[in-house]
Amino acid sequence: MSQSQEALVSRRSRLLGEKSQLFYDEPVHLVRGEGVWLYDADGRKYLDAYNNVAHVGHCHPHVVEALCRQASLLNTHTRYLHTAILDYVERLTATFDAILSSAILTCTGSEANDIALRMAQAATGRMGIIATDATYHGNTTAVSQLSTRMPPVGGRARHVRLVPAPDSYRQPDAMANGKAFGDAVREAIASLAKDGIGLSGMILCPLLANEGFPTLPSGFFDDAMRAVRDAGGLVIADEVQPGFGRTGSHFWGHQRAGFVPDILTMGKPMGNGHPVAAVVTSREILATFRNAFRYFNTFGGNPVSCAVANAVLDVIEQEDLVANARDVGAYALGLLRPLAERHECIGEVRGAGLFFGAELVHDRETREPAPDIAEQVANRMRHCGVLMGKTGIHGNVLKIRPPMPFSRDNADVLIGVLDEVLGEVGGVKA
């Protein structure tokens, strides 16, 4: 780490706290972004293979122009009438099943998920919520209860039940039809009933992104959904990661997974990095929520945020980015799969559209997870000019999730560098 980087890290620790999180063993000091590229303070160029925040590409000129134009005209909150929020919500909800016709706009995905939990509580009159034991849905007090990364102070709330996250690599039989997952959800529902709490709903990412995006068979969630709805609960889909066309086959993750949620949430990609997020649901559920909670968000749905979000939809349509995700994602997976023949540390290659990666192991026979190798790979890729991450139940799944304009040429660079790095880090050749 250079002296200037050390000085920045020291200053950051002093002002933001010593455990303010940074990526990589040697943090990157970024000063500029353009498309799928990022540039550091020394002028070095990095291929961004991680960022779903800049969904349509860093500093996309159409999005920047929309932001500047609206900021020069009006920016206020939603207790005044303005058309930007109405125009955007009409356009957004047109991408869903007809029942999902109303929305609340917020600033972050955490806020959106917090509201979704309260919507389910208002609609059912019960508190119990089910999630997987390897998920992440945000930072508010309510949604942080669902994360196992850091145990809540004072212990987990009585109304929360966490079920085992599906593992397509180690438990392929249990993945066959979703029955094991459905049974786990039923056990959680029974536990909530026994404790006199009752079920309000289940929240999940349709791609199970933080769980390591396991390979899910068609209809995998059907049994669990049936169990939730038979118990009078609602289904909440967190679309922050699979939404806005990332999987290539569908605009939304739940559409690819084959179910219609009662409530869905979205965040980061919605504004290409501008803080805008949303909760979408039926008119009836929204009315119940409005009656139960006096909810207002000063910045949620402001005219500038709506102009930015609308511009993002423009770019997705005009540049045909969903089709690009389908084409380039399939191409990249086609390049990635042969790496498993050359590198013993690759246990399974998986993904959908522009969200793909590989599970790394120490031993293919025992399938022992290799989070240490995944950590080394991410760090070496950074030093080779490619930014990516890791995720999964064991922290051993390489997470490749680039901006949507990512091209076949970009994929060639990415997989070429990854091949070299795996050769250095993975040790044994297959």
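## Salt bridges

The structure holds 21 salt bridges; the model on which this report rests is predicted.

In helix H6 (residues 179-194), Lys179 and Asp183 are four residues apart, so about one helical turn separates them. These two residues form a salt bridge in which the closest N and O atoms are 2.9 Å apart. Lys179 is partly exposed, with a relative accessible area of 42%, and Asp183 is likewise partly exposed, at 28%. Helix H7 (residues 222-230) contains Asp223 and Arg226, three residues apart, about one turn of the helix. Their salt bridge has its closest N and O atoms 3.2 Å apart. Here Arg226 is partly exposed, at 45% relative accessibility, whereas Asp223 is buried, at 9%.

## A buried pair and its network

Glu359 and Arg350 meet through their side chains in a salt bridge of 2.8 Å, N to O. Glu359 is buried, with 3% relative accessibility, and Arg350 is buried as well, with 4%. Both belong to a network of salt bridges that also links Asp167, Arg170 and Glu348.

## Nonpolar cores

The largest nonpolar core comprises 92 residues, of which Phe244, Met266, Leu360, Val377 and Leu414 touch the most other members. Helix H10 (residues 303-318) supplies the largest share of this core, nine residues. Apart from this core lies another, of 22 residues, including Leu117, Ala131, Val143 and Ile203.

Beyond four places in sequence, the residues that Leu360 touches include Cys345, Ile346, Pro369, Ile373, Val377 and Leu398.

## Strand S4

Ser102 is found in strand S4 (residues 102-106). Its relative accessibility is 11%, under the 20% limit, and therefore Ser102 counts as buried.

Methods:
Residues are numbered from 1 along each chain as its sequence is written. This is a predicted model: local features need pLDDT of at least 70, side-chain atom pairs count only at pLDDT 80 or more; totals for chains, interfaces and linings use all residues. Side-chain values use heavy atoms; hydrogens and water are left out. Helices (H or I, at least four residues) and strands (E, at least two) are DSSP runs, numbered from the N terminus. Buried means under 20% relative accessible area, exposed over 50%, partly exposed in between (1.4 Å probe, protein chains only). A nonpolar core is a set of buried Ala, Val, Leu, Ile, Met, Phe, Trp, Tyr and Cys residues joined through side-chain atoms within 4.5 Å. Contact means heavy atoms within 4.5 Å. A salt bridge is a side-chain nitrogen of Lys or Arg within 4 Å of a carboxyl oxygen of Asp or Glu.
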